[in-house]
Amino acid sequence: MSVEVMIQQLAGGMAKTIMIFVLTLLFSLPLGLVISFGRMSKNVLIRGITKAYISIMRGTPLMLQLLVVYFGPYYIFGVNISHGYRAYAVVIAFAINYAAYFAEIYRGGIESMSKGQYEAAKVLGYTKAQTFFKIILPQVIKRILPSVTNEVITLVKDTSLAFSIAYVEMFTTAKAIAASQKSMAPLAAAAIFYYIFNFLVAAVMELWEKKLGYYS
Amino acid sequence: MKLFEMNHVKKSFDGNIVLKNISLSVQEGEVVAIIGPSGSGKSTLLRCATLLETMDDGDLYYLGEPAAKSEGGHAIYAPNAELKKIERQFGLVFQNFNLFPHYSVMKNIMDAPIHVQKRDRAEVQKEAEALLQKMGLSDRADYYPCQLSGGQQQRVSIARALAMKPKILFFDEPTSALDPELTGEILKVITELAKEKMTMVIVTHEMNFAKDVSDRMIFMDQGVIVEELSPEELFASTNQRTKEFLGKYHILNH
Ligand SMILES: Nc1ncnc2c1ncn2[C@@H]1O[C@H](COP(=O)(O)OP(=O)(O)OP(=O)(O)O)[C@@H](O)[C@H]1O
Ligand SMILES: [Mg+2]
C-alpha cells in the first residue's frame, strides 16, 4: 500500500477525530460553566446534584461512560439504537464528561476572584449579568487558561477512546489498516497526527495566554 | 438640602453587634469625616450606606427617597428597581481601589457611564478626558492598572466614581493602602473636590487631613457615634474616649 493510499484512508478517521474534538469543546465548555453555577448554588439540592454528577463523571472511566451512553438507551429503555446514534453517543459522552472537569476549573477560577471586583461593579450599577460577563469571566478565563490547556490536550488523546463503541475515528482506522497490511506505518502515522494536533492546540493556547498577558 | 440620611441603623454579624444605633445625615456640599479605632464599624457603616451590606434595622434615604425603612424592628428595603435608581446617587472609593485590571484606565472610567447609564459615548469620552486631566493622568489613559502606582490607581478609581456623576461620594480609607509618600497626592485630589463643593463622607486615619477638609467630624467607637462636632470642637473635646483616641495621633491643639 502506498503512503498516499494509506493517508487517504486515514484522512476519514482524522476528520472524525477532529469533529469529536471540536464538538466536545463546543458543548462542554458552556455546559461546564452552567454546572459550575450549580456547584456554587445556594440551593442545597442543586449543589448536591451537581456535586454528585461531577464526582461520578470524574470517578469512573470515560470508556465506561461511552458504553453507558451508547448502549444505555437499548439496555435500559429497550430503544433500538440506530446506526447514526453512534456519533451522537460519542459526542454526548465526551461533552458531559469534560463538562464535569471544566466545571471544577471554572469554579476554582470564579472562587479565586476577589470580592472587591463584585463590589466595585455593584456600586457602579452593573447588573449581575454584566458583572459576570464583563468583569468576572474575562479575568477568570485568564486565570484558568493553563488548566484548560491541560484538559484540551488530554481530550485530543482521549478521542481515541471512541473506538470502544466502534466509532471509526483516527485510531480505529489506523489499527484496522495496520492489521490488514501487517505494518506499523499506519500506527506511526496516527502517532504523528496526534502529536501534530496537540502541538497545534498547545501553540494556539499559548498564543491566547500571551494575548491575555497584557495585564496582571 | 439633605442628600443622605440614615436613622437608628443596627447591624450585627453572627451575634457580634457592629453598629448599635447610628443616625447620620449629610447636607448637600458638606464634607463629613469619620474617624475611630479599628473595628469600630466605620467600614460597615459605609457599606450599609452604599447597599453593599444590608442593615438589620434602620432607615436609609437618598434625596428623601427611601432605600430602606424600619418596620417592626427590621429594615425593609425598597424593591430592586427603586434601589437601582437610588444607586445612581452615590459613589464609593475603596481602600484598595478595586479597579478592573483587564480594562485600560480609560475603559475603567468610561465603561459604566456608557453601559450602565447608557450615556452617549462621545460625551462620556470628553468627560473622562477632563477627569483624567484633573487627576493629572492624561498621559496614562491607555495604561492598565497594573502599570500604575498605587496613588495613580486610586486617582483613577476616584475618576471612575466621579464619571458616574454621583450626588455624594463615600471614601473608605482612600490612602490606607498607599505608601506614605503617595498619600499626599490623594489627599490633594479630595481637598480639591471639597473646594468644588462635592458632597463627601470620608473614613480616614489621616487626622490633619480630616481636620482641614471636613465641615463636620464624627468619632465612632464600638458601633456608636461618640461625638459629632466641627473639627475644631472635636479636637478640643473633653470626652474621655475622644481624647484617648486622638491622643494616639499626637495631634496638637492650637
Ligand atoms: N462580613 C463580616 N462578617 C463578620 N464580621 C464582620 C464583617 N465585616 C465586619 N465585621 C466585624 O465588624 C467589626 C467592625 O468592622 P469594620 O470593618 O466596620 O471596622 P472599621 O471601623 O472599618 O475598622 P478599620 O479601621 O480596621 O477598617 C469588626 O469586629 C469586624 O470583625
Ligand atoms: Mg474599615
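Visitor: Leaving aside neighbours within four places in sequence, which residues is Thr149(A) in contact with?
Guide: Met205(A) and Glu209(A). Contact means heavy atoms within 4.5 Å. This is a predicted model, where local features need pLDDT of at least 70 and side-chain atom pairs count only at pLDDT 80 or more, while totals for chains, interfaces and linings use all residues. Side-chain values use heavy atoms, leaving out hydrogens and water; residues are numbered from 1 along each chain as its sequence is written, and chains are lettered from A and ligands numbered from 1 in the order in which they are written.

Visitor: Why is Thr149(A) called buried?
Guide: Its relative accessible area is 11%. Buried means under 20%, exposed over 50%, partly exposed in between (1.4 Å probe, protein chains only). So Thr149(A) is buried.

Visitor: Where does Thr149(A) lie?
Guide: In helix H6 of chain A. Helices (H or I, at least four residues) and strands (E, at least two) are DSSP runs, numbered from the N terminus.

Visitor: How do H6 and H8 of chain A pack?
Guide: H6 spans residues 128-158 and H8 residues 185-211. Their angle is about 175°, and their axes are 10 Å apart. The axes are lines fitted to C-alpha atoms, for helices over the stretch in contact; angles run from 0 to 180 degrees between N-to-C directions.

Visitor: What makes H6(A) roughly antiparallel to H8(A)?
Guide: The angle of about 175°. Under 35 degrees is roughly parallel, over 145 roughly antiparallel, 65 to 115 roughly perpendicular, and the rest oblique. H6(A) is therefore roughly antiparallel to H8(A).

Visitor: Which residues make that contact?
Guide: From H6(A), they include Ile141(A), Leu145(A), Thr149(A), Val152(A) and Val156(A). From H8(A), they include Phe197(A), Val201(A), Met205(A), Trp208(A) and Glu209(A). By class, the contact has 13 nonpolar, 2 polar and 2 charged residues. Nonpolar covers Ala, Val, Leu, Ile, Met, Phe, Trp, Tyr, Cys and Pro; charged covers Asp, Glu, Lys and Arg; the others, Gly among them, are polar.

Visitor: How many helices and strands does chain A have?
Guide: 8 helices and 0 strands. Buried residues make up 45% of its 216 residues. Its C-alpha atoms fill a box of roughly 70 × 50 × 25 Å along the principal axes. Among its contacts with a separation of 6 or more, 76% join residues 24 or more positions apart.

Visitor: How many aromatic pairs are there over all chains?
Guide: The structure holds 23. Rings of Phe, Tyr and Trp (its six-membered ring) pair if their centres lie within 6.5 Å; planes under 30 degrees apart are stacked, over 60 edge-to-face, and the rest tilted.

Visitor: Why is the pair of Phe163(A) and Phe171(A) called edge-to-face?
Guide: The centres are 5.6 Å apart, and the planes stand at 65°. Phe163(A) is partly exposed, at 31% relative accessible area. Phe171(A) is partly exposed too, at 27%.

Visitor: Which residues do ring pairs link into a cluster?
Guide: Tyr70(A), Phe71(A), Tyr74(A), Tyr75(A) and Tyr85(A).

Visitor: Where does the charged end of Lys142(A) sit?
Guide: Over the ring of Tyr215(A), 4.6 Å from its centre. The rule asks for NZ of Lys or CZ of Arg within 6 Å of the ring centre and within 35 degrees of the ring normal. In chain B, the charged end of Lys107(B) sits over the ring of Tyr103(B), 4.5 Å from its centre.

Visitor: How do you know that Ile34(B) is buried?
Guide: Its relative accessible area is 0%, so it counts as buried. Ile34(B) lies in strand E3 (residues 31-35) of chain B. Beyond neighbours within four places in sequence, its contacts include Leu45(B), Val201(B), Val203(B), Ile218(B) and Met220(B). Pro174(B) is 140 residues from Ile34(B) in sequence and 12 Å away in space, C-alpha to C-alpha.

Visitor: What is the phi of His8(B)?
Guide: It is positive, about 50°, although His8(B) is not a glycine. Most residues other than glycine have a negative phi. His8(B) is in strand E1 (residues 2-13) of chain B. At 46% relative accessibility, His8(B) is partly exposed.

Visitor: Where is Leu63(B) found?
Guide: In the loop between strand E4 (57-62) and strand E5 (65-71) of chain B. Leu63(B) has a positive phi of about 50° and is not a glycine. Its relative accessible area is 29%, so Leu63(B) is partly exposed.
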